[in-house]
Amino acid sequence: MPLFRELYALRDRLARQLDRPSYMVLSNDRLAEITRQPIASHGALRNAGGLHPELKRAPYADELVELATAELAPDGPPPADQRRPQPFRRRFGGPVAALAEARETLLTTLKNHLAADYSPVLANTVLSNRLIGDVVEQGSLAALRPWQRQLLGETAGQHGLTIAELEAPLQG
């Protein structure tokens with residue numbers, strides 16, 4: 001990953017300089033190939049395909065060869081403010097996990113009813129998979145907009161379901 005990160009930054013820098021889309025400087029597929037098998041010499045670089053001509057000239061050619069032979073330190077864990085919280089399935093145990101699973105099952109059932117009654121696009125708009133996780137943990141009052149709660153309430157009523165237990169946050 002450190003080599004990929006550096007190659008990605010090099011590609012982006014050159015693309016900005018040339019005022020070209022980054023894929024025209026170095027395609028995503030070629031970027032992945034070079035990450036797996038770095039170009040370690042200027043001779044190999046001259047014969048390499050799929051590179052913008054500027055990448056074969058100094059100073060970019062020197063940087064590409066240098067990156068191939070550099071001992072790059074692996075990335076450490078992201079700072080706490082950039083980490084995504086773990087899904088509720090891994091954080092809760094016992095009765096709280098059972099309640100979370102029941103909430104998720106109810107929300108998935110509601111989403112399936114929305115898809116059947118209206119359309120899959122509407123179902124994903126009203127209740128995306130990520131939003132299901134948020135409702136499970138935070139409750140519908142905190143995670144959903146009023147129009148989403150109203151539509152889910154109407155759909156639940158049409159199908160004989162109750163959603164009152166989704167309002168409060170999950171206690172764990």
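Visitor: Does Ser140 count as buried or exposed?
Guide: Let's start with its accessibility in this predicted model. Ser140 has a relative accessibility of 8%. The cut-off for buried is under 20%, so Ser140 counts as buried.

Visitor: Where is Ser140 found, and which residues does Ser140 touch?
Guide: Ser140 is found in helix H10, which covers residues 140–143. Leaving aside residues up to four places away in sequence, the residues that Ser140 touches are Val135, Arg149, Leu166 and Glu167.

Visitor: Which residues of helix H9 are buried?
Guide: Helix H9 takes in residues 129–138, and just after H9 comes Gly139, with a positive phi of about 90°. Within H9, the buried residues are Leu131, Ile132, Gly133, Val135 and Val136.

Visitor: What share of the residues counts as buried?
Guide: The protein chain has 172 residues. Of these, the share that counts as buried is 31%.

Visitor: Which helices do the buried residues of H1 pack against?
Guide: The buried residues of H1 are Pro2, Leu3, Leu7, Leu10, Arg11, Leu14 and Ala15. The buried residues of H1 pack against helix H2 (22–25), helix H3 (28–36) and helix H5 (60–69).

Visitor: Are H1 and H3 parallel, antiparallel, perpendicular or oblique to each other?
Guide: H1 and H3 pack with their axes 9 Å apart, at an angle of about 140°. Roughly antiparallel needs an angle over 145 degrees, and roughly perpendicular covers 65 to 115. H1 and H3 are therefore oblique.

Visitor: Which residues make the contact between H1 and H3?
Guide: H1 passes H3 in a right-handed crossing. On the H1 side, the contact is made by Leu3, Phe4, Leu7, Tyr8 and Arg11. By class, the contact of H1 with H3 has 6 nonpolar, 2 polar and 1 charged residues. On the H3 side, the residues are Asn28, Leu31, Ile34 and Thr35.

Visitor: What is the phi of Asp19, and is Asp19 buried or exposed?
Guide: Asp19 follows H1 and is found in the loop between H1 and H2. Asp19 is not a glycine, yet its phi is positive, at about 55°. Exposed means over 50% relative accessibility, so at 68% Asp19 counts as exposed.

Visitor: Which residues does the cis peptide bond join?
Guide: Look in the loop between helix H4 (42–47) and H5, where Pro59 lies. The omega of the cis peptide bond is about 0°, and the bond joins Ala58 and Pro59.

Visitor: How are H7 and H11 placed relative to each other?
Guide: Helix H7 (residues 94–117) and helix H11 (residues 146–158) pack with their axes 10 Å apart, at an angle of about 85°. Angles of 65 to 115 degrees count as roughly perpendicular, which makes H7 and H11 roughly perpendicular.

How values were computed
Residues numbered from 1 in each chain as written. Predicted model: local features only at pLDDT ≥ 70, side-chain atom pairs only at ≥ 80, totals over all residues. Heavy atoms only, no water. Buried < 20%, exposed > 50% of the residue type's maximum accessible area, 1.4 Å probe, protein only. Helix = DSSP H or I, 4+ residues; strand = E, 2+ residues; numbered from the N terminus. Contact = heavy atoms within 4.5 Å. Axes fitted to C-alpha atoms, helices over the stretch in contact; angles between N-to-C directions. Parallel < 35°, antiparallel > 145°, perpendicular 65-115°, else oblique. Left-handed = near helix turned anticlockwise from the far one by under 90°. Nonpolar A, V, L, I, M, F, W, Y, C, P; charged D, E, K, R; others polar.
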